[in-house]
Amino acid sequence: MAFTLPELPYAYDALAPYMSAETLEFHHDKHHNAYVVKGNELAEAAGMADLSLEEIVKQSFGSNAGLFNNAGQHYNHIHFWNWMKKDGGGTKLPGKIQSAIDSDLGGYDKFRADLIAAGVGQFGSGWAWLAVKDGKLEIMKTPNGENPLVHGASPILGVDVWEHSYYIDYRNARPKYLEAFIDNMINWEYVEQMHEAATS
Ligand code: MN3
């Protein structure tokens with residue numbers, strides 16, 4: 001199934017001032033689009049063009065680095081746009097997510113601190129995650145285009161810590177970007193949908 005660049009689910013300026021239209025224009029129109037174009041070329045060359053995106057991510061991991069990086073990033077960004085919304089974030093979480101965070105991660109404040117620490121602690125480019133593994137929530141971090149799918153887990157929330165995601169708005173202040181992501185941008189309804197799918 002050929003990769004296609006999805007439209008952003010909101011206007012380019014919808015997340016301002018926490019994430020600017022300029023950041024989204026570069027990040028979505030240039031960076032994500034490049035993963036789509038290159039991913040299609042490499043999936044075709046590898047004879048994997050007919051597989052689902054998740055299958056391509058899993059099958060190329062460890063065997064075809066070029067394809068894996070682009071397919072992984074395509075998967076990550078499709079969800080990343082949906083993990084954010086205007087007036088998102090904050091402490092009012094859907095009930096099931098709140099109880100899972102309480103029982104598996106020690107409550108919201110610890111979840112927030114641990115997700116920021118994972119994002120800050122990811123050396124160089126990568127992602128910080130909330131994922132479901134063996135039925136329980138876990139905070140994870142991965143380098144480059146990697147994601148929890150290749151570690152036997154299902155991602156339900158991810159934050160891009162590549163510099164292209166925050167340098168225009170925050171320069172080198174990655175912690176400030178992570179705080180704004182959690183406090184002002186997370187689309188918890190989308191996280192809830194992915195949690196339902198990963199636990200049912
Ligand atoms: Mn990115």
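Into which domains is the chain divided? The chain is divided into domain 1, residues 21-82, and domain 2, residues 95-199. The model is predicted. The legends below follow the interface between these domains.

**View 1. Domain 1 and domain 2 in contact.** The C-alpha centres of the two domains lie 20 Å apart. Domain 1 brings 20 residues to the contact, and domain 2 brings 22 residues.

**View 2. The area buried between the domains.** About 1,800 Å² is buried between domain 1 and domain 2. Carbon and sulfur atoms give 64% of that area. Which three residues of domain 1 supply more of its buried area than any other three? They are Thr23, Phe80 and Asn82. Together they supply 29% of what domain 1 buries against domain 2.

**View 3. Helices on the domain 1 side.** Which elements give two or more residues to the side of domain 1 that touches domain 2? They are helix H1 (21-45), helix H2 (53-60) and helix H3 (65-82). H3 gives the most, with 10 residues.

**View 4. Residue classes on the domain 1 side.** How do the residues on the side of domain 1 that touches domain 2 divide into nonpolar, polar and charged? Seven are nonpolar, 10 are polar and three are charged.

Note on methods. Residues are numbered from 1 along each chain as its sequence is written. This is a predicted model: local features need pLDDT of at least 70, side-chain atom pairs count only at pLDDT 80 or more; totals for chains, interfaces and linings use all residues. Side-chain values use heavy atoms; hydrogens and water are left out. Domain bounds come from an automatic or database domain assignment. Contact means heavy atoms within 4.5 Å. Buried area is the accessible area (1.4 Å probe) that two parts lose on being put together, summed over both. Helices (H or I, at least four residues) and strands (E, at least two) are DSSP runs, numbered from the N terminus. Ala, Val, Leu, Ile, Met, Phe, Trp, Tyr, Cys and Pro count as nonpolar, Asp, Glu, Lys and Arg as charged, and the others, Gly among them, as polar.
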